[in-house]
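Good morning, and thank you for coming.

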Amino acid sequence: GVFMVERHIRGKWACTRCATLTQAPVPAQVIDKGIATAGLLAQVLVAKYADHLPLYRQSQIFARAGMALPDSTLAEWVGVCGVRLQPLVEALRAALLERPVLHADETPVAMLKPGKGRTHRAYLWSWCSTAFDALKAVVYDFAESRSGGHARTFLGDWAGQLVCDDYSGYKALFTDGRITEIGCMAHARRKFHELWANHSSQIAGEALELYGQLYGVERDIAELNADERRQIRQARAAPIAQTLHRWLDLHRQKVPDGSATARAIDYSLKRWTALTRYLDDGTLPIDNNWVENRIRPVAIGRSNWLFAGSLRAGQRAAVVMSLIQSARLNDIDPYAYLRDVLERLPTHPASRIEELLPHRWTPGAIG
């Protein structure tokens with residue numbers, strides 16, 4: 001990389017009659033009176049949250065290029081950008097909550113406890129539209145705990161179908177009938193895969209064969225529309241699911257309570273209604289893997305940046321990651337997107353903030 005210095009020459013004029021002094025205005029910047037251009041800010045954000053480069057490493061890289069930028073300065077820039085970009089993520093969340101089907105998942109992130117010199121476990125919640133949805137978006141929500149109250153706060157009055165794992169924090173969402181639980185077939189299958197991989201269980205192998213047939217149907221219909229998916233699922237997948245359910249019932253009677261095999265079978269049987277709702281609705285996915293893939297970059301990144309410095313820092317990081325990952329979902333280069341947005345944001349009307357969202361963004365458009 002090469003650093004370049006931009007020099008802004010602002011003309012100054014004086015009226016000979018009234019002695020009034022007039023000068024060209026300072027170009028609007030995301031960081032008022034800051035030295036960083038939108039391009040440099042976008043580079044720092046993408047390097048940290050997409051390429052998983054901690055700020056101290058970026059500082060070392062910049063120093064080799066001849067520009068000494070302390071990591072404390074970079075951290076300040078990241079924080080300010082997180083604040084400035086917050087309205088975009090609020091608009092993205094509003095767009096997401098208009099969708100009838102959502103994915104949800106959460107992953108632990110260490111957060112520094114102020115004044116105590118140690119970390120505790122916070123969580124990054126991930127909410128996104130499905131792979132079948134025209135809207136491609138993901139919103140991260142950083143919270144101090146895994147309490148189900150965070151899910152209720154994020155969703156607000158939303159009503160629809162929520163694809164999630166069996167974590168108890170989601171269960172309270174389904175009590176009033178406003179939100180319907182959609183189970184994750186991948187989690188059910190995973191219980192048997194662990195038995196097969198660790199113990200070469202013959203029973204687990206038989207179960208995996210049946211689960212594999214269900215996924216085979218999904219591979220064949222991935223590119224079809226919702227009605228076509230529903231019809232083929234009813235014709236091909238529903239009989240397989242019935243066979244799987246009978247198989248689970250039969251083998252549950254043969255294995256002792258408390259065994260690993262019994263626990264794997266019980267996981268599917270107890271959640272069977274939620275696991276098979278997708279068969280009757282072509283807009284529903286078979287599992288929660290789509291959102292788990294949105295969590296994976298966070299799992300990679302946290303091994304490098306280790307922890308969030310505070311709740312506020314975690315929330316600002318969630319803002320930037322939401323925009324970067326949503327840009328990727330829309331096949332947009334995150335750097336090009338953030339650079340353009342950071343250039344336009346200072347003068348862009350707040351009433352038209354939706355124009356800057358990844359799924360509506362037009363490169364080089366005039367705000």
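Please bear in mind that this is a predicted model. I begin with a facing pair of residues: Leu124 stands opposite Phe142 in strand S5. The strands concerned are S4, residues 118-128, and S5, which pair in the antiparallel sense over six bridges. Strand S5 covers residues 138-143, and five of its six residues are buried, so the strand is largely enclosed by the rest of the structure.

Let us turn to the nonpolar cores. The largest has 77 residues, and the members that touch the most others are Leu85, Trp127, Leu162 and Tyr170. Helix H3, residues 71-96, gives the most to this core, with 11 residues. As a general matter, nonpolar side chains in soluble globular proteins tend to be buried together. Returning to Tyr170, its contacts beyond four places in sequence include Trp125, Trp127, Leu162 and Cys164.

Finally, consider helix H11, residues 311-329. Just after H11, Asp331 takes a positive phi of about 60°.

Is Gln325, within this helix, buried or exposed? Its relative accessible area is 8%, which is under the 20% cut-off, so Gln325 is buried. Leaving aside neighbours within four places in sequence, Gln325 is in contact with Tyr49, Val138, Tyr140 and Pro297. Gln325 and Ile295, 30 residues apart in sequence, lie 9.8 Å apart in space, C-alpha to C-alpha.

Terms used: Residues are numbered from 1 along each chain as its sequence is written. This is a predicted model: local features need pLDDT of at least 70, side-chain atom pairs count only at pLDDT 80 or more; totals for chains, interfaces and linings use all residues. Side-chain values use heavy atoms; hydrogens and water are left out. Buried means under 20% relative accessible area, exposed over 50%, partly exposed in between (1.4 Å probe, protein chains only). Helices (H or I, at least four residues) and strands (E, at least two) are DSSP runs, numbered from the N terminus. Two strands pair if DSSP finds at least two bridges between them. A nonpolar core is a set of buried Ala, Val, Leu, Ile, Met, Phe, Trp, Tyr and Cys residues joined through side-chain atoms within 4.5 Å. Contact means heavy atoms within 4.5 Å.
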